[in-house]
Amino acid sequence: MVEKFKKKIKNICCIGGGYVGGPTMAVIADNCPDINVTVVDKNVERIKSWNDGDLTKLPVFEPGLEEIIKRVRNKNLFFSSDVDINISKADIIFLSVNTPTKTKGIGSGQASDLTWIEACARQVADAAKGHTIVVEKSTIPVRTAETVKKILESNNKDNSFSVLSNPEFLAEGTAINDLEMPDRILIGGEDHVAIELLSDIYRKWVDETKILKTNIWSSELSKLIANAFLAQRVSSINSVSAICEVTGANVQEVSKAVGFDSRIGNKFLNPGPGFGGSCFKKDILNLIYLCNYYGLSEVAKYWEQVININNWQQDRIYKTVVDKLFGTVYKKKIIILGFSFKANTNDTRESTSISISKNLINEGAHLLIHDPKVSSKQIAKDLEKEPLTENSNSAEVNNYGTWEYITNLENAFINVDAVIVLTDWKVYRNLDWNEISNQIRPPAWVFDTRLILNKNKIISSNLNYWGLGIG
Ligand code: NAD
Ligand code: UGA
């Protein structure tokens with residue numbers, strides 16, 4: 001007979017040491033010194049980087065993360081690739097693995113691929129001992145808990161499980177802040193003892209009133225809906241940016257005026273090149289799939305439009321650049337400022353810099369790509385193209401459409417025809433436009449898709465300026 005609940009959680013295991021698993025477990029360990037937290041990942045290289053003595057080599061760049069890792073690593077936070085052993089020791093297991101969009105078979109291009117969730121559940125079913133609480137941290141389609149439960153209960157071992165949904169709402173770049181001061185903690189489930197044991201962990205630093213308890217399906221669905229609403233605001237303001245350009249309005253002024261209405265609020269109204277990141281697109285696609293599955297095709301079409309505007313925004317930016325550069329960018333030098341999908345992260349998943357850069361390279365441009373945190377290796381992977389280096393041969397140099405990685409912006413603008421700001425990194429705010437205008441090949445253009453540059457300084461340095469949504 002399996003002993004059901006321990007009175008207190010002593011050991012946590014988190015499966016998946018990515019952008020969610022790593023920072024989330026670091027914050028839990030920091031706030032719960034009496035609990036041992038182990039993050040396991042099948043990616044041995046990733047675990048090696050989490051254990052690296054040089055904290056700049058952590059696999060995830062997140063402001064504030066290094067300090068926490070320094071405090072708790074090897075005290076009560078551990079990173080390991082021994083998945084089974086750590087599952088067997090755990091009282092509670094967080095599933096924090098990737099749930100990307102399916103690329104093949106039924107639901108391809110929309111439904112979530114649950115391969116990794118299923119693999120984890122099987123591993124947990126096999127290795128867990130006694131009674132274990134299994135928490136869905138990953139974002140998953142509604143009713144996945146049922147699948148997880150079925151897999152867990154299908155083994156003939158002497159163990160048992162309570163399944164809870166506890167979606168994560170952190171945003172990259174502000175993850176530590178979001179985890180330390182969350183707007184809410186959402187816990188869905190039926191087993192009240194398990195819900196209380198999980199709540200006990202969060203109560204160590206989160207006010208009771210912010211811990212929301214719902215049924216499991218509401219919890220799973222709320223995560224998709226929160227992302228859909230946020231992405232919808234970005235697509236709404238991006239659609240307005242285009243109206244501003246043709247009418248002579250200014251999108252920042254419109255955004256401010258609209259956001260001052262307390263019913264609307266001023267957050268998430270910044271226009272840009274479109275939303276990137278690993279989740280908005282995949283989660284809306286997942287929602288669309290769900291709607292179609294339940295025969296709600298009109299609802300599916302409504303959410304589809306959020307993605308259509310996002311694709312259109314990226315496309316129209318690249319076309320504007322080509323248009324302003326006299327209809328051709330062939331062999332023209334263009335500096336791309338920023339490759340991550342937003343500032344303060346090294347993550348490039350679904351970054352709009354990828355599609356815009358690919359399109360410009362396809363038009364024959366020579367791109368000089370800069371990012372404070374993204375490596376040349378990562379950019380090459382995203383662009384599916386190796387960069388030019390000092391060792392490139394003349395055939396490579398003369399290729400149609402090329403790119404180079406630049407780490408230093410000083411003297412980088414020599415003979416450049418255009419500068420495009422794609423990520424809102426702080427370092428780009430105070431560039432010396434006078435000096436740049438001495439280096440650049442006139443008549444050159446500066447394209448600001450994030451509205452972070454000083455328009456007047458650029459214009460007074462005799463450069464052409466295009467700001468997104470500025471009529
Ligand atoms: P990620 O790809 O960075 O990390 C997932 C990790 O899980 C990988 O390192 C992978 O090797 C590991 N993994 C997969 N299967 C495994 C297995 N069977 N055993 C051991 N390790 C395994 O993903 P992420 O960005 O951390 O996202 C994880 C989940 O959280 C997704 O469902 C995502 O939608 C959700 N989420 C992400 C964010 C975000 O900002 N990135 C925010 C909230 C929620
Ligand atoms: C988003 C949500 O904000 C998180 O709450 C959620 O947990 C997470 O997705 C997830 O499920 O993965 P994230 O993708 O990390 O977080 O980053 P956001 O700050 O939401 O930005 C997403 C994209 O929208 C970025 O490309 C950003 O530049 C863009 N954006 C955001 C705008 O263009 N304008 C805005 O006003 C806000």
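Reader: Is the crossing of helix 5 and helix 6 right-handed or left-handed?
Author: This is a predicted model, and the two helices concerned are helix 5 and helix 6 (residues 144-153). Their axes come within 8 Å and cross at roughly 35°. The sense of this crossing of helix 5 and helix 6 is right-handed.

Reader: How many nonpolar residues has the contact of helix 5 with helix 6?
Author: Helix 5 brings Ile-117, Glu-118, Ala-121, Arg-122, Val-124 and Ala-125 to the contact, and helix 6 brings Thr-144, Val-148, Ile-151 and Leu-152. One residue of the contact is polar and two are charged. The nonpolar residues number seven.

Reader: Which helix gives the most to the shell around ligand 1?
Author: The residues around ligand 1 number 27, and Gly-16, Gly-18, Val-20, Ser-138 and Thr-139 come nearest. By class, the shell has eleven nonpolar, eleven polar and five charged residues. With three residues, the helix that gives the most is helix 5 (residues 115-127).

Reader: How many charged residues are in the contact of helix 9 with helix 12?
Author: Helix 9 passes helix 12 in a left-handed crossing. The contact is made by Ala-228, Ala-231, Gln-232, Ser-235, Asn-238 and Ser-239 of helix 9 with Trp-303, Val-306, Ile-309, Asn-310 and Gln-313 of helix 12. Five of these residues are nonpolar and six are polar. The number of charged residues is therefore, by the class of each residue, none.

Reader: Which strands stand at the edges of the open sheet of six strands?
Author: The sheet has the order 11-10-9-12-13-14, with parallel pairing.

Reader: Which residue of strand 10 is the bridge partner of Ile-336?
Author: Strands of a sheet pair through backbone hydrogen bonds, either parallel or antiparallel. Strand 9 (residues 333-337) and strand 10 (residues 366-370) pair in the parallel sense over five bridges. In strand 10, the partner of Ile-336 is Ile-369.

Technical notes
Residues are numbered from 1 along each chain as its sequence is written. Chains are lettered from A and ligands numbered from 1 in the order in which they are written. This is a predicted model: local features need pLDDT of at least 70, side-chain atom pairs count only at pLDDT 80 or more; totals for chains, interfaces and linings use all residues. A crossing is left-handed if the near helix is turned anticlockwise from the far one by less than a right angle, and right-handed if clockwise. Helices (H or I, at least four residues) and strands (E, at least two) are DSSP runs, numbered from the N terminus. Two residues are in contact if their C-beta atoms, placed from the backbone, lie within 7 Å. A residue is near a molecule or strand if its C-beta atom, placed from the backbone, lies within 6 Å of it. Two strands pair if DSSP finds at least two bridges between them. Axes are lines fitted to C-alpha atoms, for helices over the stretch in contact, and angles run from 0 to 180 degrees between N-to-C directions.
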